[in-house]
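Here is a short briefing for a reader new to this structure. Keep the sequence and the 3D view at hand while reading.

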Amino acid sequence: MLSVMTDMTPISLAGMQSVKLMNRIDTKFVAPTRLLPDILRLAQQDYYIQDIDGQRLAAYDTLYYDTPDLQMYLRHHDRQLRRQKIRIRTYIDSHTTFLEVKNKNNKGRTKKKRIVVQTNNLQDIDTEQREWFTGKSQYDISTLQPQLYTRFGRITLVNRAKTERLTIDTALRWENVQTGQTATFGDAVIIELKRNGYQPSEMLDILRSLRIKPMKISKYCIGTALTNPTIKSNRFRPKLRQLQKITIL
C-alpha cells in the first residue's frame, strides 16, 4: 500500500483549500483493508493524494460531545433526518485543532462549520469561540459532555478537477469516556466520497468495479453502540451484523 501511495501525485494542504466542500453530499462505503492497494492503484491517474510534509497517512484524534442522555446519538438511531454532531478534532500532523459543528438536513446534505481552538475541552474555549458556537449549535454548551474518542489514520484523495474529495479512514479505534470501554473496527476501512452534488465520479466507478457498495454509517454512532452496553442500539444491530460480514469487529 505504501508504495502505491508514494507513486501518486501529491497535493499540498494549501492546494486543498479550494476543495473544502463544507456544504456537500456524502456517500460512505466500508471495505476490507486488503482492497485498499487496489483502490489506490486504480485511482492513480485521476486523483491527487494529500501530502503534509511528506506524510500521506494523516493521524486524526476526535472527541465527540453529546448531552448526558445522548440526544444526538439517539436522533440518529431513531432515524431523525435533521441531525447535528459536535466534535473537537485534532489534526496531529499539522498540529491544528478545530471545534466542528456538523448539520445534516432532510435532503441528505451535510453542512460543516468549524473554528480553530487550542483545547479539546469544550468548556475551556474562550469567549469569542463560545459566541461562535452559540450561533451554530442547537445545544447549550453547558449541557454537553465528552462522550467518545475516535482515532484513525486518514488518506485523502482529490480528483483532478478538484470537485470532489475522498477520505479513507484506517485502523479505527474508539474509547468511550463515560464507560471506559474500547473497541476497534477490525480489518476494514471507511471510505467517504464528498461532492457538491451527484455529478459523475471516477471513484464511484472504481468502487463498483471492486464490488464495494455504499453503506450509511456513522463513526460516532457505531463507536458508541460498541462501547456503551446500556444505550439503545437495536436499530444499529443489523448494521453491525452487516459489518461483520465484511470484516471481524
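**Briefing on a predicted model**

Arg-79 sits in the loop that links α3 (71-77) and β5 (83-91). The model is predicted.

- Arg-79 is not a glycine, yet its phi is positive, at about 65°.
- Arg-79 is exposed, and its relative accessible area is 58%. The cut-off for exposed is over 50%.
- Arg-211 also has a positive phi without being a glycine; the value is about 60°.
- The loop between α5 (202-209) and α6 (219-227) holds Arg-211.
- Arg-211 counts as exposed because its relative accessible area is 76%, where the cut-off is over 50%.

**Strand β4 and its partners**

- Strand β4 spans residues 58-66. Seven of its nine residues are buried, so the strand is mostly covered.
- One partner of β4 is strand β8, residues 145-159. The two strands run antiparallel and are joined by nine bridges.
- Opposite Ala-59 stands Gly-153 of β8.
- Strand β4 also pairs with β5. This pairing is antiparallel too, with six bridges.
- Tyr-65 has Ile-86 in β5 as its bridge partner.

**Cavities**

- How many cavities of 30 Å³ or more does the structure hold? There are two.
- The largest cavity contains about 40 Å³ of space.
- Its lining is made up of Gln-50, Ile-52, Gln-55, Arg-56, Leu-57, Ala-58, Arg-154 and Thr-156.
- By class, the lining of the largest cavity has three nonpolar, three polar and two charged residues.
- The second largest cavity has about 30 Å³ of volume.
- Around the second largest cavity lie Gln-50, Ile-52, Ala-58, Tyr-60, Tyr-91, Ile-92, Asp-93 and Ser-94.
- The lining of the second largest cavity divides into five nonpolar residues, two polar and one charged.
- Gln-50, Ile-52 and Ala-58 line both the largest cavity and the second largest cavity.
- Ala-58 belongs to β4, which covers residues 58-66. Tyr-60, in the lining of the second largest cavity, lies within that strand as well.
- Arg-154 and Thr-156, among the lining of the largest cavity, fall within β8, residues 145-159.
- Tyr-91, in the lining of the second largest cavity, belongs to β5 (83-91).

Definitions and conventions:
Residues numbered from 1 in each chain as written. Predicted model: local features only at pLDDT ≥ 70, side-chain atom pairs only at ≥ 80, totals over all residues. Heavy atoms only, no water. Helix = DSSP H or I, 4+ residues; strand = E, 2+ residues; numbered from the N terminus. Buried < 20%, exposed > 50% of the residue type's maximum accessible area, 1.4 Å probe, protein only. Pairing = 2+ DSSP bridges. 1 Å grid on protein atoms, 1.4 Å probe; cavity = no way out; pocket = protein on both sides within 12 Å on 5 of 7 lines; lining within 4 Å. Points joined across faces, edges and corners; volume = space filled by probe spheres on them. Nonpolar A, V, L, I, M, F, W, Y, C, P; charged D, E, K, R; others polar.
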